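Have a look at the model below.

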Amino acid sequence: MRFDEFDFEPGIQDAVDAMNFKECTPIQERAIPVIMEGHDLIGVAQTGTGKTAAYLLPVLNALSKGDYPADAVNCVIMSPTRELAQQIDQQVEGFSYFVSVSSAAVYGGNDGIRFEQEKRGMSMGTDILIATPGRLISHLSLGNCDLSKVSFFILDEADRMLDMGFYDDIMQIVARLPKKRQTLLFSATMPAEIQKFAGNILTDPVEVKLAVSKPAEKILQAAYICYEIQKVPIIQSLFEDRKERRVIIFASSKLKVKEVYKTLRGLGLNAAEMHSDLEQSQRDEVMRGFRNGHVNVLVATDIVSRGIDIDDIDLVINFDVPHDAEDYVHRIGRTARAGSDGCAITFVSPDDQTPFSSIERLIGRDVYKIPLPAELGPAPEYAPHRKSRGKSGNGRRKYHSKS
C-alpha cells in the first residue's frame with residue numbers, strides 16, 4: 001500500500017512526499033487506518049518497522065485540521081529514553097513541516113535553563129508533547145503542565161518503559177488525562193504484564209500484531225559455548241588483531257559492562273561504557289563519540305538495544321544471552337543495517353543454554369558454535385535440555401547487579 005492512498009490532508013501528504021515515503025511498512029498499512037478511524041490501538045512490532053510514522057502521521061493529520069484547542073497540549077507521546085524522545089521529535093518536525101502543528105520535547109539530564117525552556121513551551125500550549133516519564137512527572141508536580149485537554153495519548157516501547165520501572169509514573173500521568181481520549185500503545189513484545197497494563201488504560205483496543213522478523217540474512221550468527229570465567233579471555237582473543245572495528249558488546253548487568261570495559265581499555269582499545277550509572281550528559285557524550293567514530297567499541301546494557309540508528313556496526317557481541325528471545329533479534333539487529341554485512345557472536349554459559357535454544361527455535365535455525373581457543377581449556381557440552389547443566393564449578397563467578 002502507498003502513503004498517497006490514505007487521503008491525508010495536503011500538508012501532511014506534502015511532508016510524506018518530501019521525506020520520500022512511498023510504500024508503507026506492514027505496521028503502517030495496518031495501524032494507520034485504525035488510528036484514523038478513532039480506535040484505541042495496541043501495536044506489537046519490532047523496532048525498525050516504521051511504527052513511529054504509523055502513529056505520528058494519523059495524529060498529525062487530525063491535528064492539522066485545526067479542530068483542537070490552540071492553547072493546550074493535545075497529544076502526549078511517552079518515550080522510555082531521552083534518545084528515543086529526540087528521534088521522535090525529529091520525525092514530528094519533518095512530518096509537520098507544512099502544517100501548523102507545534103511540538104515540544106521534555107526529557108531528563110538537562111540543566112536548569114532547559115527545564116525553564118520546557119516550562120515556558122508547555123505554558124504557551126503545544127499540540128504534541130514528547131516526554132520521558134520522570135521528566136513529565138517533575139513538570140506536573142510543579143504545575144507546569146496541564147493535560148486536561150489531551151486527545152491523543154501514545155506510549156512508545158511500552159515494554160521497555162515497564163522494564164525500566166516506569167509503571168507508577170505512567171499511571172500518575174494517566175490520572176491527569178481526560179477519560180475521553182484515544183490511546184495508542186506500541187510495544188516490541190507482548191508479555192502478560194503489558195496485556196494487563198493495556199487493559200488498565202485502553203478502551204476496546206484494536207490489536208495489530210506483527211510476527212517477529214527473523215534476523216537479517218546478511219548477519220553472520222555464531223556462538224561460543226563456554227563457562228562464565230572464559231568469557232573475558234574470549235573477548236581478549238577476538239580483539240588480538242587490534243583491527244579498527246565498530247562493535248557493540250551487550251552485557252546483562254552494569255558490573256559486567258564495567259569489567260569488560262576495563263579489559264578492553266587494558267588492551268589499548270578505544271572503548272566506552274554505557275549503563276544506568278552514567279549521568280545523562282555522560283551518555284550523550286558516549287553516543288556522540290560512538291557515532292562520530294572517536295569510540296570504536298561500545299560496551300552496554302540493553303539501554304541501547306533499541307531505537308539507536310547507527311548503520312555501520314560491524315560486530316555485535318552478546319556477552320550474556322538475553323532473557324527474552326525477541327531481545328536477541330533487537331540486539332543483533334544493530335548490525336547489517338542499510339544493506340551492509342554484519343556479524344553477531346553470543347557467549348553461552350551452561351546456565352544460558354536453555355534460553356539460547358529458545359532463540360534458535362525463534363529464528364528457525366541452529367547457530368554455528370565456534371570452537372574455543374585451545375589455551376582457554378575445555379568447553380561445556382551444549383546440552384540445553386539437560387537439567388542441572390550449570391552445577392560444574394569451573395571457577396564460574398556470579399553477578400547480581402542489574403542495569
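## A helix pair

In this predicted model, α13 and α14 pack at an angle of about 70°, with their axes 8 Å apart. (Axes are lines fitted to C-alpha atoms, for helices over the stretch in contact, and angles run from 0 to 180 degrees between N-to-C directions.) That makes α13 roughly perpendicular to α14, a label that covers 65 to 115 degrees, with under 35 called roughly parallel, over 145 roughly antiparallel and the rest oblique. On the α13 side, the contact (heavy atoms within 4.5 Å) is made by Ala325, Glu326, Tyr328 and Val329, and on the α14 side by Phe356, Ser358, Ile359, Leu362 and Ile363. Sorted by class, that contact has 7 nonpolar, 1 polar and 1 charged residues. Here Ala, Val, Leu, Ile, Met, Phe, Trp, Tyr, Cys and Pro count as nonpolar, Asp, Glu, Lys and Arg as charged, and the others, Gly among them, as polar.

How much of α13 is buried? 7 of the 8 residues of this helix (residues 325–332) are, so the rest of the structure largely encloses it. Buried means under 20% relative accessible area, exposed over 50%, and partly exposed in between (1.4 Å probe, protein chains only). The buried residues of α13 include Asp327, His330 and Arg331. As a set, the buried residues of α13 pack against α7, β8 (219–225), β9 (247–250), β12 (315–318), β13 (342–348) and α14 (353–363).

## The whole chain and its confidence

The chain has 14 helices and 14 strands. These are DSSP runs, numbered from the N terminus: helices are H or I with at least four residues, strands are E with at least two. Of the 403 residues, 56% count as buried. Among contacts between residues at least 6 apart in sequence, 78% join residues at least 24 apart.

Mean pLDDT (the predictor's confidence in each residue, from 0 to 100) is 86 for the chain, and 90% of the residues reach 70 or more. Where pLDDT is low, the predicted coordinates should not be read in detail.

## Two nonpolar cores

A nonpolar core here is a set of buried Ala, Val, Leu, Ile, Met, Phe, Trp, Tyr and Cys residues joined through side-chain atoms within 4.5 Å. The largest one holds 41 residues, and Tyr55, Leu57, Ile77 and Ile128 touch the most other members. Two or more residues each come from α1, α2 (26–36), α3 (51–63), β2 (75–78), α4 (82–95), β4 (128–131), β5 and β6 (182–187). The largest share, 9 residues, comes from α3.

What does Tyr55 contact, leaving aside neighbours within four places in sequence? Its partners are Ile35, Ile77, Ile88, Ile154, Asp156, Leu184 and Phe186. There is also a second, separate core of 33 residues, which includes Val44, Ile137, Cys145 and Val150.

Most residues other than glycine have a negative phi. Asp7 has a positive phi of about 60°, and Glu157 has one near 55°. Asp7 lies in the segment before α1 (10–18) and counts as exposed because its relative accessibility is 64%. Glu157 is in the loop between β5 (152–155) and α7 (158–163), and at 6% relative accessibility Glu157 counts as buried.

## Loops and pairs in space

Thr81 is in the loop between β2 and α4, and its relative accessible area of 13% makes it buried. Thr81 touches Thr132 and Met164, not counting residues up to four places away in sequence. Thr81 and Arg160 are 79 residues apart along the chain, with 9.2 Å between their C-alpha atoms.

Leu269 sits in the loop between α11 (254–266) and β10 (271–274) and is buried at 10% relative accessibility. From Leu269 to Val295 is 26 residues in sequence and 9.0 Å in space, C-alpha to C-alpha.

## How to read the numbers

Residues are numbered from 1 along each chain as its sequence is written, and side-chain values use heavy atoms, with hydrogens and water left out. Because the model is predicted, local features need pLDDT of at least 70 and side-chain atom pairs count only at pLDDT 80 or more, while totals for chains, interfaces and linings use all residues.
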